Amino acid sequence: MKNNFKHSATIEQYLANEMSPYERVAFRKEIKSNPELSQELKLSQNIDSALMRDDVIDLRRKLILAINAGRVVKEVPVIRMNSRKWWYAAASMLALCAVAATL
């Protein structure tokens, strides 16, 4: 899903009250005639309001802590393979092949 924010700079200026009165009036007229711009403005307003809500952020932080506390980390025992036995077997086979090749 691709979502292009074509008017994001203009919307940010509008939301931050950085536009002149004439620009604000023109922008409001454009919002009424352009549904894409209107949707993008609503999305920006929703995002700004969600970022300002400390209770939501605090709840999310608490949930993450609860999830992490519920995870029990178990130590996995390390089982070491007795690799020396394999080396001895390989060396014995090599020695047997060498003796057989010599005979």
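What follows is a chat about the fold, contacts and core of a predicted model.

Colleague: OK, helix packing. How do the axes of α2 and α3 cross?

Modeller: Helix α2 covers residues 21-33 and helix α3 covers residues 35-52. Their axes come within 5 Å and cross at roughly 110 degrees. Anything from 65 to 115 degrees counts as roughly perpendicular, and α2 and α3 are therefore roughly perpendicular to each other.

Colleague: Which residues make that contact?

Modeller: From α2 you get Phe27, Glu30, Ile31 and Ser33, and from α3 there are Pro35, Leu37, Ser38 and Leu41.

Colleague: How do they divide into nonpolar, polar and charged?

Modeller: Five are nonpolar, two are polar and one is charged.

Colleague: Switching to aromatics. How many aromatic pairs does a search of the whole structure find?

Modeller: One. The partners are Tyr14 and Phe27, with ring centres 4.7 Å apart and planes at 35 degrees.

Colleague: Why is the pair called tilted?

Modeller: Planes under 30 degrees apart would count as stacked and over 60 as edge-to-face, so at 35 degrees the Tyr14 and Phe27 pair comes out as tilted.

Colleague: Where do the two residues lie?

Modeller: Tyr14 lies in helix α1, residues 8-15, and Phe27 in helix α2, so the pair ties together parts that are 13 residues apart in sequence.

Colleague: Are Tyr14 and Phe27 buried or exposed?

Modeller: Both Tyr14 and Phe27 are buried.

Colleague: Then which residues are in the largest nonpolar core?

Modeller: There are seven: Ile11, Tyr14, Met19, Phe27, Ile31, Leu37 and Leu41.

Colleague: Take Leu41. What is Leu41 in contact with, leaving aside neighbours within four places in sequence?

Modeller: Leu41 is in contact with Ile11, Tyr14, Leu15 and Ile31.

Colleague: Now something off the helices. Where does Asn17 lie?

Modeller: Asn17 lies in the loop between α1 and α2. Its phi is near 55 degrees, a positive value in a residue other than glycine.

Colleague: Is Asn17 buried or exposed?

Modeller: Exposed, with a relative accessible area of 55%. The cut-off for exposed is over 50%.

Colleague: How about Ser8, where is that one found?

Modeller: Ser8 is found in helix α1, and at 33% relative accessibility Ser8 counts as partly exposed.

Colleague: And how far apart are Ser8 and Leu37?

Modeller: They are 29 residues apart in sequence and 9.1 Å apart in space, C-alpha to C-alpha.

Colleague: Last one, Arg28. Which helix is Arg28 found in?

Modeller: Arg28 is found in helix α2 and is partly exposed, with a relative accessible area of 39%. Going C-alpha to C-alpha, Arg28 is 9.4 Å from Ser38 in space, and the two are 10 residues apart in sequence.

Terms used. Residues numbered from 1 in each chain as written. Predicted model: local features only at pLDDT ≥ 70, side-chain atom pairs only at ≥ 80, totals over all residues. Heavy atoms only, no water. Axes fitted to C-alpha atoms, helices over the stretch in contact; angles between N-to-C directions. Helix = DSSP H or I, 4+ residues; strand = E, 2+ residues; numbered from the N terminus. Parallel < 35°, antiparallel > 145°, perpendicular 65-115°, else oblique. Contact = heavy atoms within 4.5 Å. Nonpolar A, V, L, I, M, F, W, Y, C, P; charged D, E, K, R; others polar. Buried < 20%, exposed > 50% of the residue type's maximum accessible area, 1.4 Å probe, protein only. Phe/Tyr/Trp six-rings, centres within 6.5 Å; stacked < 30°, edge-to-face > 60°. Core = buried A, V, L, I, M, F, W, Y, C linked by side-chain atoms within 4.5 Å.
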